[in-house]
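Visitor: I should like to learn how to read the features of a structural model. May we take them one at a time?

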Amino acid sequence: MHATRRLWTWLAIICVLSFAALLAVGREIYLKAPPIPSRILDDTGHVVYTGDQIKQGQQAWLAAGGQQLGTVWGHGSYVAPDWSADWLHREAVALQDGLARRDRGVPYAQLDAGARGAVDALVKDALRRNTYDAAGDTVTLSAERTRAVQAVAAHYAGLFGSDPKLDRLREQYAMNAGALPDANDRAALTGFFFWSAWAAATDRPGETGLSYTSNWPHEPLVGNTPTAGAGIWSVASIVVMIGAIAGMVLFHSAQPEDADPKPPQDDPLFNLKATPSMRATRKYFAVVVALILAQVGMGVVTAHYSVEGHAFFGIPLADILPFTVSRTIHTQFAVLWIATAWLATGLYIAPAISGHEPKLQALGVNVLFYALLFIVAGSTACGWLGTLQHRGVDFSFWLGNQGLEFTSMGRIWQYLLFAGLLFWAFLLGRGLWPALKTPSESRGLIAMVFLAAVCIGGFYATSLTWGQHTHYAMIEYWRWWLVHLWVEGFFEVFATAVIALLFTRLGLIRAASANAAIVLETIVFLFGGILGTLHHLYFTGTPTAVIAIGAMFSALEVVPLSMIGIEAWRNYQRTKAAPWVANYRWAILCFIAVGFWNTVGAGLLGFSINTPIALYYMQGLNMTAAHGHAALFGVYGMLGVGLMLFCLRGLSDRRAWSDALLRPMFWLLNIGLAMMVFLALVPAGIYQAWASISQGMWFARSPAVIHSAFMENMVWLRVPGDIVFALGTAFLALFVLRLMRRPGRTAEAKVPAPAVRTSTKA
């Protein structure tokens with residue numbers, strides 16, 4: 001008990017210090033973000049763009065699809081270009097030609113090598129020289145650069161408008177004509193794209209060869225190459241990771257582990273009677289399956305748009321379901337169905353663990369269900385209609401699609417979801433309260449579940465921190481608080497503690513050893529995970545210190561994954577501990593699959609792009625998608641499926657249970673995911689990385705690469721894996737439908753027997 005108290009103390013210290021450091025870095029990002037000048041002037045003093053236009057352009061881009069329609073500074077979708085990289089290259093090429101005509105009287109293409117070198121030097125100097133005047137809050141452009149900016153702006157105005165000459169390019173980008181119907185919005189959009197490219201190329205004040213985005217994207221024409229720090233901190237992070245893994249292995253081998261207890265002869269949960277609130281969670285799992293099916297369907301459509309930008313096998317589907325909408329639903333539903341499975345699991349286990357059914361708990365569970373259903377349906381419908389009807393920036397921000405990946409629902413829906421999550425934490429807490437008050441060996445585990453739930457509810461508040469006019473660098477800072485810390489942090493702590501509680505309840509692990517192990521695992525994970533958030537922010541207009549901190553701590557995130565295989569093997573052995581454990585075989589195998597995908601998806605594929613030097617060339621390419629698919633579904637998705645199966649076991653008529661459906665479900669999901677990732681996404685990512693390294697990020701994201709024969713073949717090569725995976729979801733849907741058609745297990749008047757053994761020890 002004393003050792004466990006010390007671990008809790010260390011956990012508190014690490015969390016306080018890590019979040020203090022993360023907030024301090026956020027302050028530096030705010031102070032040193034690329035300035036948005038009040039005016040951008042040509043050499044005669046004429047206004048090219050105003051600061052208000054740049055801010056309006058940011059809003060216009062987000063309303064047009066935002067991170068679902070290409071990327072800015074590398075974050076977003078993968079079919080359309082990275083607009084900052086694309087603008088930078090187009091401006092450099094236009095400036096080359098303008099300077100060649102001015103100085104040599106001929107186009108750049110007709111110059112000899114020596115003359116081209118002279119022009120190239122002028123281009124590099126023009127784009128890297130920082131002409132920002134802090135006193136006047138202005139940026140001044142030369143006459144030649146102004147003409148280049150105007151030429152590129154005309155291209156983007158036509159692209160986001162309805163210029164018929166750009167129809168083919170829009171199809172390659174999976175864009176609909178008239179993405180921004182208002183001419184003022186299109187003009188402002190070009191200002192935002194110009195500013196994002198300006199920040200990516202111009203040197204920081206007092207620096208040479210170091211832009212506001214640490215020289216991202218790779219663009220040889222302007223001298224954007226990796227900084228020395230990116231290489232040094234990449235090497236240092238690998239050394240630290242190897243050393244930390246060695247230390248972890250040494251520590252693990254030196255610690256005597258308690259053997260698993262002898263399991264009971266009979267299933268401890270066989271006679272567990274579901275209470276009204278527990279039975280009320282059945283409909284949550286029906287919605288989980290519905291969201292999975294919708295998410296997979298939208299994923300198929302979204303992937304196909306990378307070949308036929310406006311059609312689905314010849315059907316003009318983009319007229320009613322544009323790429324921006326299908327991808328929004330695909331990414332948003334992925335988070336929502338996983339979260340719903342975990343929320344329902346918490347509500348199910350609370351009475352089972354504490355042996356107490358609070359008054360009106362079932363009513364609360366039902367109210368929460370319909371509230372969440374309203375939020376999902378309302379946010380999806382408003383986002384869809386707002387995109388189709390071009391309702392404008394205010395509608396998009398408040399009710400429609402904010403245009404931010406994984407956090408796209410409008411602000412009003414976010415307020416409602418935040419309230420719903422707090423209500424969920426309240427329901428979970430009142431259900432667990434008797435167990436939290438009673439001294440027991442499992443109280444630490446129960447406390448971890450409750451604290452993680454409070455953090456899940458509370459930290460969703462980070463989605464409310466940015467506004468319509470917030471600097472883009474700060475939007476990205478707070479967005480990754482939500483995506484990384486909320487999804488990859490506290491949800492994982494919650495799920496890990498829940499699994500440990502379930503195994504304890506089944507008598508397969510000792511409560512005392514699990515209690516200490518979970519706290520220790522949480523310490524190890526959050527020590528790297530909290531500040532590891534910064535690895536998403538290397539090149540988003542942040543100070544160079546972000547590269548150092550993010551590289552070192554994100555490398556430490558990989559360390560606990562080195563021991564995942566041991567835990568997975570022990571879980572597999574537990575499936576053979578007693579004959580009755582076979583009843584939970586497929587739920588436990590899902591937990592084992594989580595270990596596999598944690599190592600492969602989060603570990604190997606994640607670390608392949610985490611170091612600054614790797615991410616410099618691969619940010620926003622298909623290697624990110626490979627990591628995302630393997631980690632999001634492989635880890636969090638399989639965890640959600642496993643938890644759902646565990647709960648449904650206690651909620652359903654055992655005669656309706658069908659391992660014959662679960663067996664193909666499990667293998668088809670995992671094999672299909674592996675095929676999707678390793679047959680298509682990884683080769684596509686490697687091919688794009690070659691293009692990025694050899695010619696630049698603009699080229700890796702250009703139609704010449706995206707719609708090359710190789711890349712389109714990779715899209716078609718996804719089809720076998722997609723079919724296998726879709727069949728797995730179909731078997732899961734059939735399994736759940738079979739259970740839902742049978743009445744659940746009959747509840748008795750009494751609540752379940754307490755799941756914890758009380759003790760007089762402190």
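**Burial and salt bridges**

Guide: D722 is buried, because its relative accessible area is 15%; buried means under 20% relative accessible area, exposed over 50%, and partly exposed in between, with a 1.4 Å probe and protein chains only. This is a predicted model, in which local features need pLDDT of at least 70 and side-chain atom pairs count only at pLDDT 80 or more, while totals for chains, interfaces and linings use all residues. Residues are numbered from 1 along each chain as its sequence is written, and side-chain values use heavy atoms, with hydrogens and water left out.

Visitor: Which residue forms a salt bridge with D722?

Guide: Side chains of opposite charge can pair when their charged atoms come close. The criterion for a salt bridge is a side-chain nitrogen of Lys or Arg within 4 Å of a carboxyl oxygen of Asp or Glu. The partner of D722 is R718, with the closest N and O atoms 3.9 Å apart. R718 is buried, since its relative accessible area is 13%. Helices (H or I, at least four residues) and strands (E, at least two) are DSSP runs, numbered from the N terminus.

Visitor: How many salt bridges does the structure hold?

Guide: The structure holds 17 salt bridges. One of them joins the side chains of E476 and R479 at 2.8 Å, N to O. Because E476 and R479 are 3 residues apart in helix α16 (residues 472–505), about one helical turn separates them. Both E476 and R479 are buried. Another salt bridge pairs K165 with D163, and its closest N and O atoms are 3.3 Å apart. K165 counts as exposed because its relative accessibility is 70%, whereas D163, at 22%, counts as partly exposed. Salt bridges also link R102, D103, E144 and R147 in a network.

Visitor: Which residues make a nonpolar surface patch?

Guide: Patches are made of residues with over 30% relative accessible area and no salt bridge; like charges are joined within 9 Å, and nonpolar side chains (Val, Leu, Ile, Met, Phe, Trp, Tyr) within 5 Å. Accessible areas come from the Shrake-Rupley method with a 1.4 Å probe, and for residues only the protein chains shown count as cover. Here F313, W716, V719, I723 and L727 make a nonpolar patch of about 470 Å². V719 lies in helix α26 (residues 709–740), and V719 is partly exposed because its relative accessible area is 32%.

**Helix length and contacts**

Visitor: Why does the end-to-end distance of helix α2 agree with its number of residues?

Guide: The expected span of a helix is 1.5 Å times one less than its number of residues. Helix α2 (residues 51–63) has 13 residues and should therefore span 18 Å; its end C-alpha atoms are 19 Å apart, which agrees. The buried residues of α2 are G51, I54, G57, Q58, Q59, A60, W61 and L62.

Visitor: Where is P612, and which residues does P612 touch?

Guide: P612 is located in helix α21 (residues 612–618). P612 counts as buried because its relative accessibility is 0%. Contact means heavy atoms within 4.5 Å. Not counting residues up to four places away in sequence, P612 touches A230, S234, Y538, F539, I547 and A551. The C-alpha atoms of P612 and S237 are separated by 9.5 Å, although these residues are 375 residues apart along the chain.

Visitor: Is S214 buried or exposed?

Guide: S214 counts as buried because its relative accessibility is 1%. S214 lies in the loop between α7 (183–201) and α8 (228–254). Beyond its neighbours within four places in sequence, S214 is in contact with R204, T227, Y538, F539, T544, I547 and Y616. A polar contact is a pair of N or O atoms within 3.5 Å; within protein, one must be able to donate a hydrogen and the other to accept it, and residues adjacent in sequence count only if both atoms are side-chain atoms. The side chains of S214 and R204 make such a contact at 3.4 Å.

**Backbone angles**

Visitor: Which peptide bond is cis?

Guide: Most residues other than glycine have a negative phi, and most peptide bonds are trans. The bond from W216 to P217 is cis, with omega near 5 degrees. P217 is found in the loop between α7 and α8.

Visitor: What is the phi of W73?

Guide: W73 has a positive phi of about 60 degrees although it is not a glycine. W73 is buried, because its relative accessible area is 0%.
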